[in-house]
Amino acid sequence: MRATLSDLGHYVLNHIVNRIPLVGPRMRAYQLLGVRLLDEPTGMIMLGARMVSPAKITIGGYYSVGRDTMLDARGGITIGEAVNIGSGVVLQTAHHVVDDPEFIDALAPITIGDRAWIAEGARVHGGVTVGEGAVVAAGSVVTRDVAPYTVVGGVPARYIRDRNLPRPATYRPVFRRSWL
């Protein structure tokens, strides 16, 4: 069996780039491998994050992607501004069709709105939109859209409550982090 250039790129991305200890060089390497960072010096993808199809990932500014996350973007992943994705989160855009005798695969995009928080160990399936300002509790499995400014949790994730925000949810960074 012969390795392809795509296999080599996948190996470099998930065994070398995700272990670069300095944030700046690591983020630049992700960009070189296709990840679209819309406001590049304002966030970070932490050590150990794994990716499939990085060219189908778009990330806004002021984001944080935690350690040991899995971003399977074969169906496309769009992450908004000021999003916090906890460690061990899985964003899975691909699945198999259960009712097909051959279990064919299917792809569906994931969209995460601005100022959303996906807590540690949660799993978001393809075809899901997590609304602006929404919170997904740790360990949840999200199979349906999450309304803006709500909290969901459980397996499968269900509505828990609306967020109680005493003021409008805005994000004003104290400083602009630079990779330099």
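Okay, let's start with the surface: this chain exposes about 10,000 Å², and carbon and sulfur atoms supply 57% of that. Those areas come from the Shrake-Rupley method with a 1.4 Å probe, and for residues only the protein chains shown count as cover.

Before I go on, this is a predicted model, so to speak plainly about cut-offs: local features need pLDDT of at least 70, side-chain atom pairs count only at pLDDT 80 or more, and totals for chains, interfaces and linings use all residues. Residues are numbered from 1 along each chain as its sequence is written, and side-chain values use heavy atoms, with hydrogens and water left out.

Now the overall layout. We have two helices and 19 strands; these are DSSP runs, H or I of at least four residues for helices and E of at least two for strands, numbered from the N terminus. The chain has 180 residues, and 41% of them count as buried. Buried here is under 20% relative accessible area, exposed is over 50%, and partly exposed is in between (1.4 Å probe, protein chains only). As for contacts, meaning heavy atoms within 4.5 Å, take those with a separation of 6 or more: 27% come from residues 24 or more positions apart.

Next, salt bridges. How many does the structure hold? Two, where a salt bridge is a side-chain nitrogen of Lys or Arg within 4 Å of a carboxyl oxygen of Asp or Glu.

One joins the side chains of Arg74 and Asp72, at 2.5 Å from N to O. Asp72 is buried, because its relative accessible area is 2%, while Arg74 comes in at 35% and so counts as partly exposed.

The other has Glu132 and Arg115 meeting through their side chains, 2.0 Å from N to O. That pair links distant parts of the chain, 17 residues apart: Glu132 is in the loop between strands S15 (129-130) and S16 (135-136), and Arg115 is in the loop between strands S12 (110-112) and S13 (117-118). Glu132 is partly exposed at 29% relative accessible area, and Arg115 is partly exposed too, at 26%.

Last stop, Thr69. You'll find Thr69 in the loop between strand S5 (64-65) and strand S6 (70-72). Buried or exposed? Thr69 counts as buried, because its relative accessibility is 0%. A polar atom of the Thr69 side chain lies 3.3 Å from the backbone oxygen of Gly66. Setting aside neighbours within four places in sequence, Thr69 touches Gly48, Ala49 and Arg50, plus Ile85, Gly86, Ser87, Gly88 and Val89.

Key
Polar contact = N/O pair within 3.5 Å; in protein donor to acceptor, adjacent residues only side chain to side chain.
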